Amino acid sequence: MKTGEEGGEDKEVVSLETLSKKMDDFAKARDWEKYHSPRNLLLAMVGEVGELSEIFQWKGEVARGLPDWKEEEKVHLGEELSDVLLYLVRLSHVCGVDLGKAALRKLELNAIKYPVTQTDHSVGEHSSSKSKLKEEN
């Protein structure tokens with residue numbers, strides 16, 4: 001599936017299903033399935049989250065879009081984000097969870113739990129709403 005992108009270029013849209021199939025094929029080709037228990041995949045993903053965290057560890061607040069970052073830093077970030085995503089997709093597959101459907105359901109539940117109100121649009125209320133969301137999820 002293709003979608004338009006700024007500058008007139010086409011960019012391929014990659015589905016979770018495609019990633020899951022590629023990860024499954026990758027593991028089978030290397031006979032790694034025996035190592036891909038839910039626990040092992042979770043621990044590997046946590047390790048990757050640690051590597052992702054290291055990228056931001058001493059940077060302080062970072063502007064959206066990372067305008068002050070070097071290109072190689074952005075590439076490295078993309079690699080670490082990808083590691084986390086691939087382990088998450090693999091974990092959900094091994095556990096028999098449709099990650100896309102689960103994520104959409106969670107968004108619906110959060111919309112019910114945190115309905116939009118007039119006060120939610122102010123900075124102070126928004127911050128406390130975000131804190132509540134983090135605490136309860």
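Trainee: What does Ser-20 touch, leaving out residues up to four places away in sequence?

Mentor: Ser-20 touches Val-89 and His-93, where contact means heavy atoms within 4.5 Å. Keep in mind that this is a predicted model, where local features need pLDDT of at least 70, side-chain atom pairs count only at pLDDT 80 or more, and totals for chains, interfaces and linings use all residues. Residues are numbered from 1 along each chain as its sequence is written, and side-chain values use heavy atoms, with hydrogens and water left out.

Trainee: Why does Ser-20 count as buried?

Mentor: Its relative accessibility is 13%, and buried means under 20% relative accessible area, exposed over 50%, partly exposed in between (1.4 Å probe, protein chains only). So 13% makes Ser-20 buried. Ser-20 lies in helix 1, residues 16-29; helices are DSSP runs of H or I with at least four residues, numbered from the N terminus.

Trainee: Why is the pair of Phe-26 and Trp-32 called edge-to-face?

Mentor: The structure holds two aromatic pairs. For Phe-26 and Trp-32, the ring centres are 5.5 Å apart and the planes stand at 70 degrees. Rings of Phe, Tyr and Trp (its six-membered ring) pair if their centres lie within 6.5 Å; planes under 30 degrees apart are stacked, over 60 edge-to-face, the rest tilted. So 5.5 Å makes a pair, and 70 degrees makes it edge-to-face.

Trainee: And why is the pair of Phe-56 and Trp-69 called tilted?

Mentor: Here the centres are 5.3 Å apart and the planes are at 50 degrees, so the pair is tilted.

Trainee: What parts does the pair of Phe-56 and Trp-69 tie together?

Mentor: Phe-56 lies in helix 2 (residues 38-56) and Trp-69 in the loop between helix 2 and helix 3 (71-95), so the parts tied together are 13 residues apart in sequence. Trp-69 is buried at 10%, whereas Phe-56, at 33%, is partly exposed.

Trainee: How do you know that Arg-30 sits over the ring of Phe-26?

Mentor: The test asks for NZ of Lys or CZ of Arg within 6 Å of the ring centre and within 35 degrees of the ring normal. The charged end of Arg-30 is 3.5 Å from the centre of the Phe-26 ring, and it does sit over that ring. Lys-59 likewise lies over the face of Trp-69, at 4.7 Å from the ring centre.

Technical notes. Helices (H or I, at least four residues) and strands (E, at least two) are DSSP runs, numbered from the N terminus.
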